[in-house]
Amino acid sequence: MPKILLSLTLLLLLFTQAHAATYSSRNATVYYHGGYASHTITTHPAQPFAPVYSWRTHIKFDYTPGPLGYSATYIGTTDANGILVIENILPYDPLYCGNFYSERVAVGTPSSPKSNALNFKIETPRIGPLPPYYDQCHEGGGGGVIE
């Protein structure tokens, strides 16, 4: 009888882990300097107070690697409900320009299952006095956008 209970417990644990999921969403696919950006990570079932790790590729508009790519980088901790919300106002800085590809997150450990992949870009809006780095911070500037 103890072997049957142990087997059932292990099966239940495996079944629960197989149906665990991490979902990632953003409030836009195009962001502008000075604008608001939000990234929400939700776990189901909830994984409260768990570390969150991110992966993404950052390519500048001239096709060179950007400095904001991640590889299993810790980005925060989920709250009591298993949710992490990261909100920012994007600074006027050419460091943030470019395309971001395959942004995925894992909750718990870097080897945990990853979320869905997100793609987005950050550029300078074409309004007001343009900054000196404008050519490197908009679609079509600095070599175009990889699609």
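Here are some questions and answers about salt bridges, strands and aromatic rings in this predicted model.

User: Happy to start with the ground rules; how are residues numbered, and which pLDDT values apply?

Analyst: Residues are numbered from 1 along each chain as its sequence is written, and side-chain values use heavy atoms, with hydrogens and water left out. The model is predicted, and totals for chains, interfaces and linings use all residues, whereas local features need pLDDT of at least 70 and side-chain atom pairs count only at pLDDT 80 or more.

User: Thanks! How many salt bridges does the structure hold?

Analyst: A salt bridge here is a side-chain nitrogen of Lys or Arg within 4 Å of a carboxyl oxygen of Asp or Glu. E103 and R26 meet this way, at 2.8 Å from N to O. R56 also forms one with E103, with the closest N and O atoms 3.0 Å apart. The count for the structure is two.

User: Which strands do R56 and E103 lie in, and how far apart are they in sequence?

Analyst: Strands are DSSP runs (E, at least two residues), numbered from the N terminus. R56 lies in strand β4 (residues 51-59) and E103 in strand β7, so their pair ties together parts of the sequence separated by 47 residues.

User: Is E103 buried or exposed?

Analyst: The cut-offs are under 20% relative accessible area for buried, over 50% for exposed, and partly exposed in between (1.4 Å probe, protein chains only). R56 has 12% and counts as buried, while R26 has 22% and counts as partly exposed. E103 has a relative accessible area of 2%, so E103 is buried.

User: What is the order of the three strands in the open sheet?

Analyst: Two strands pair if DSSP finds at least two bridges between them. Strand β3 (residues 36-44) and β6 pair in the antiparallel sense over seven bridges, and S38 stands opposite E87 in β6. β1 and β6 (83-89) each have a single partner strand and stand at the edges, so one side of each has no neighbour in the sheet. The pairing is antiparallel and the order is β1-β3-β6.

User: What kind of aromatic pair do Y31 and F120 form?

Analyst: Rings of Phe, Tyr and Trp (its six-membered ring) pair if their centres lie within 6.5 Å; planes under 30 degrees apart count as stacked, over 60 as edge-to-face and the rest as tilted. Three aromatic pairs are counted by this rule. For Y31 and F120 the centres are 5.7 Å apart and the planes at 85 degrees, a geometry that is edge-to-face.

User: Where do Y31 and F120 lie, and how many residues apart are they?

Analyst: Y31 is buried at 3% relative accessibility, and F120 is buried at 5%. Both also belong to one aromatic cluster, together with F100. Y31 is in strand β2 (residues 30-32) and F120 in strand β8 (residues 118-123), so the pair joins parts whose separation in sequence is 89 residues.

User: Which ring does R26 lie over?

Analyst: A charge sits over a ring if NZ of Lys or CZ of Arg is within 6 Å of the ring centre and within 35 degrees of the ring normal. K114 lies over the face of W55, at 4.3 Å from the ring centre. R26, at 4.0 Å from the ring centre, lies over the face of F120.

Technical notes:
Helices (H or I, at least four residues) and strands (E, at least two) are DSSP runs, numbered from the N terminus.
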